[in-house]
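Here is a quick walk through one protein model, strand by strand and then out to the whole chain. Have the structure open as you read.

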Amino acid sequence: MIPLLLLLTLLASIVFWLHQTGTRTQPRRMSVFSEILAHETGSFPKKTECPPTTIHGAIFLEKLPPLESLIALFQEKIKSEERFMSTIAYDFRRSKYDFVPAKGDIDFHGHHVIQATVSDEDGIRAYVESTFHRTWKKEIAEGRPLWYFHLIENTGGLSAIVLELHHAIGDGMSLVLFFSTLYTDKDGQNLPTPKATKSISKSKTRVNPYYAAAVIVRAFFKIVLGSVIMEDTQTLIKTPHKGYVYDRGVRKIIQFPPMSLEAVKDIKNALGCSVNDIMTSVLGGALRRYLRHRNDPFIHYPLLQIRALMPYGFPRRAASPDQPQPILKNGWTLISVPLSVRATPTATARAKETQATMDMIKLSGEPYIASTLQDLVYNVAGYDVAAQIQADFVFRHTMTFTNVPAFDKNPYICGERILHVQPYVCNAVPQMSIMSCAGGLYGNFVVNPETFVEAELLGQFVVKELEELAKENGVTTPILLQV
């Protein structure tokens, strides 16, 4: 056992060093994570009966642009992305899933661009919720691309354009980057692409091998123990997975009020941390408030543990004339983040505790270790073993949390101004997702209402936690976005 651990640690050390120095192996058609997500039940074993993960990105406007203008724009932009023109098929020769060209022409006037009408924004959310459990079996069997544009006209408020995407095609940053190709400013000029890249040039920096070995060993054991031993406290919000069978419960979108990105940045500047640190801390504080409201029996338990799975996106490489980079890809892994939910005296103390946790994760190289181990297990032991480990890992956690930056200014699409955005992700465990755009911070929870009773309180508790942070740190900028 010890030699195996040493070998895995050595391999992880090499990968961590390669990432630090900018070295890269040959590009691959489908990443290991995309291959795993391409399976019938995504990254989980078939016995779980989980649908594959689908991600949704929604943009809200006063009114929808003309249909033909949108279709012309979609046709122009998707043709440069191979995955938009492909479907998933099993390659029996290689015994792996891969992307293959879709059959026939893409139907923009009925199949892949879907029109719907609702009477209010609740109707938009209900419409999106109805797509959460799509299995994609029919699309794959027919050789169709694995995406849809939904044009939702709202007769009683803001309308929406929703891109629904099979997760094997791309991640949350892919969604943002693709939407960025559709946007212009009010004068019709293209907007700068959101920052998600790093230079292709190789760094001369070398990591101290003793330090690298120490932090990698620590991160390695954290990942292994998190998969097979450690489990979150069975609070009222811990999703029950008896025998690892997906609960197949209804999933509801609980949006919280639009918040001021300026206020959050003022708080993070006062504390000397990042926006992501602040929002991770806020998630812990909001969950603590919610559990206290419901008189959870574990709320005063000194060893209370609630962790969030956080997608860690690896920096993308900048495109060059001789090496263009695709927008659609899965360049990420999951890391485990303990939330500050115990009897911490103040919101500021919770934020400081969260910052220390996140700093340690960043220093340890944990995301690279997790990615390396996942690749190794999948390639050596196969999908069944890798999927079981993933299920053990995910179902031992309480939440998933993702934070995706977008644009500093209000973008336009076909001449119509985009007023706000929402990322929606339905997952095996409850998820909080946030996205920034034009000075606003927009987000939501996707939860099972049978587990999260009075789920509408979650958004209120997010705002209260931020207001407490602002008050404790002398920040006077209003938390709620001033329209």
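## A hairpin and its surroundings

Strands β15 and β16 run antiparallel and are joined by seven bridges; strands here are DSSP runs of E with at least two residues, helices are runs of H or I with at least four residues, and both are numbered from the N terminus. Two strands count as paired if DSSP finds at least two bridges between them. In general, strands of a sheet pair through backbone hydrogen bonds, either parallel or antiparallel.

A word on the ground rules: this is a predicted model, in which local features need pLDDT of at least 70, side-chain atom pairs count only at pLDDT 80 or more, and totals for chains, interfaces and linings use all residues. Residues are numbered from 1 along each chain as its sequence is written, and side-chain values use heavy atoms, with hydrogens and water left out.

Back to the hairpin. I434 has G443 in β16 as its bridge partner. Two residues sit between the strands of this hairpin, and A438 takes a positive phi near 50°. On its pairing with β8 (residues 252–260), β16 is again antiparallel, over seven bridges, with Q255 and N444 as bridge partners.

How much of β16 (residues 440–447) is buried? Eight of its eight residues are, where buried means under 20% relative accessible area, exposed over 50%, and partly exposed in between (1.4 Å probe, protein chains only). Both faces are covered: G440, Y442, N444 and V446 on one side, L441, G443, F445 and V447 on the other.

M432 belongs to β15 (residues 431–437). F84, for its part, is in the loop between α3 and β2 (86–91). Here are the two residues with a C-alpha separation each:

| Residue | Relative accessible area | C-alpha separation |
|---|---|---|
| M432 | 0% | 4.9 Å to F401, 31 residues apart along the chain |
| F84 | 0% | 10.0 Å to G170, 86 residues apart along the chain |

Contact means heavy atoms within 4.5 Å. Leaving aside neighbours within four places in sequence, M432 is in contact with residues including F256, M279, L283, F401 and N444. On the same terms, F84 touches residues among them I106, W147, L165, F178 and L328.

## The six-stranded sheet

Elsewhere, an open sheet of six strands has the order β4-β5-β6-β1-β14-β13, with mixed pairing. At its edges stand β4 (113–118) and β13 (412–413), each with a single partner strand, so one side of each has no neighbour in the sheet. Six bridges join β4 to β5 (residues 147–154) in parallel, and I114 stands opposite H150 in β5.

Helix α3 (residues 67–78) lies across β4, β5, β6 (159–166) and β13, at about 160° to β5. Helix α6 (residues 172–182) lies across β1 (54–61), β5, β6 and β13, at about 35° to β1. Axes are lines fitted to C-alpha atoms, for helices over the stretch in contact, and angles run from 0 to 180 degrees between N-to-C directions.

## The whole chain

The protein chain has 13 helices and 16 strands, and 55% of its 483 residues count as buried. Of its contacts with a separation of 6 or more, 79% are between residues 24 or more positions apart.

The mean pLDDT (the predictor's confidence in each residue, from 0 to 100) is 84, and 85% of residues reach 70 or more. Residues 1–7 stay under 50, with two contacts beyond four places in sequence. Where pLDDT is low, the predicted coordinates should not be read in detail.
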